[in-house]
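Let's take a walk through this structure together. Have a look at it first, and then we'll go through it piece by piece.

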Amino acid sequence: MIVIDNCAVATVDAAGSEHRAGHVVIGDDGRIAAVGAGPAGPVDPSARRVDGTGCLATPGLVNTHHHLYQWVTRGLAQQSDLFGWLTTLYPVWAHLDADIVHAASAAGLGWLALSGCTTSTDHHYVFPPGRDDPLAAEIEAARRIGLRFQPCRGSMDLGRSAGGLPPDSLVEETEAALLATEAAIDRHHDPSPGSMLRVSVAPCSPFSVTGTLMRESAALARRRGVRLHTHLAETVEEEEYCRATHGCTPVEYAEHLGWLGDDVWLAHGVHLDDPAVAKLAATGTAVAHCPSSNARLGAGTARVPDLLAAGVPVGLGVDGAASQEAGQLGAELRQALYAARLRGGPAALTARQALALGTMGGARCLGRADEIGSLEVGKLADVALWRVDGLGHAGIDDPVAALVLGPPAPVALLLVGGRTVVEDAELRTADADALALAATGAHRRLLERAR
Ligand SMILES: [Zn+2]
């Protein structure tokens, strides 16, 4: 049992309950046993006590879009738009192997934990032929770091010779991609309550995947009861591609393929007209908002306040580290608020709405709103305790404002299912210096190979 006392608490429950000085109690079952105002009630004397003075407890953040392998291809194609960036990086990614993906994933996940993230998804869609399984490698990395993980078995089957963007050497045969995706579900997916690992099905994007693979992937996911993820409506170039190739917008194309529904979450959703927003809302389709990546690639600014007003579930994602080198989910709270306000003015998004995007919004994207995303009795004990009394935050009375508007807050304690992953702003499950060294080595090996 763990008892955190004397901390501010933002539960992000349906009522938005907050406590200036409160407590969170975590049971030995890895679930929240109590949360509320004032000190915790009588507890087992053997419980671990954590003094939360000067801290804010929130639900652990939920990362809804990432490509962890990109951790070792950061800093490249610095001035490119999406298509130019992809065509620069595809030839490098063609040399990935399982060891490189493991090093990249462990570094990326360790860094995410240090920014308050307790659950992350990952979208892996590069499977160079003849190499060990990169999906298994990133799953092993997630186990090592201790984050709750939702890897998406991605796929591409539309190479350049068939009108797609990726080189032919990087795409799979349609049937082979489907078989490998189902094999990944068989091997890794754990649907049980409190699961640390759930697999999703995730063909990559309209310009790298055939309509057949999109349709068959949706059928596979629904037959197996897993969720669907893909990139959609990220750039104006993608919209032009869809109009030229399919005679419709990306969201109309997704609808046509059976890809709208409450079991689908879409990365980006930047370029959406009013009918598209209405379609997402009517079908319960969720959006992973990636404001820093959208800014880095100059893709545009998503209509998050409009999506929220329409009732669309919206979560936050850091996106692949090669299009967003910072890779910190905590910092995306502020970036999401800034992006919304640059587009819609100072009332477009509040600090509390930004926190909700990063917690409950993410939980809804991943289909786990009943288990994570808020601090409520019975939910999984995925908790971030942020230090908001140091030099960077001192004097900001509102702890939620300190977290969202202030600089990235140090994580005093990060619990995943009650297990300590970060303490005193240090990773406790792995050696951060060793992760950095391995990532640097993997980067050098990969670039050497690509040369
Ligand atoms: Zn992405």
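**A metal site and its surroundings**

His 65 is buried, because its relative accessibility is 0% (buried means under 20% relative accessible area, exposed over 50%, partly exposed in between, with a 1.4 Å probe and protein chains only). Before we go on, a word on the model: it is predicted, so local features need pLDDT of at least 70 and side-chain atom pairs count only at pLDDT 80 or more, while totals for chains, interfaces and linings use all residues. Residues are numbered from 1 along each chain as its sequence is written, and side-chain values use heavy atoms, with hydrogens and water left out.

So what does His 65 do here? Along with His 67 (NE2), His 231 (NE2) and Asp 319 (OD), His 65 (NE2) is a protein donor of the zinc ion, at 2.1 to 2.5 Å from it. Donors are N, O and S atoms within 2.8 Å of the metal (3.2 Å for Na, K and Ca); water is not among the atoms, so sites may look incomplete. In sequence, the spacing of the donor residues reads H-x1-H-x163-H-x87-D. Helices (H or I, at least four residues) and strands (E, at least two) are DSSP runs, numbered from the N terminus. Asp 319 is buried too, with a relative accessible area of 3%.

Now for a pair of helices. The axes of H3 (residues 134-145) and H4 (residues 174-188) come within 11 Å and cross at roughly 30°; axes are lines fitted to C-alpha atoms, for helices over the stretch in contact, and angles run from 0 to 180 degrees between N-to-C directions. Leu 135, Ala 136 and Ile 139 in H3 meet Ala 184, Arg 187 and His 188 in H4, where contact means heavy atoms within 4.5 Å.

Next, look at Leu 86, which is found in helix H1. Leu 86 is buried, with a relative accessible area of 5%. Leaving aside neighbours within four places in sequence, Leu 86 is in contact with Trp 93, Tyr 125, Leu 165 and Phe 207.

Finally, Glu 371 lies in the loop between helix H12 (351-365) and strand E14 (383-387). With 7% relative accessibility, Glu 371 counts as buried.
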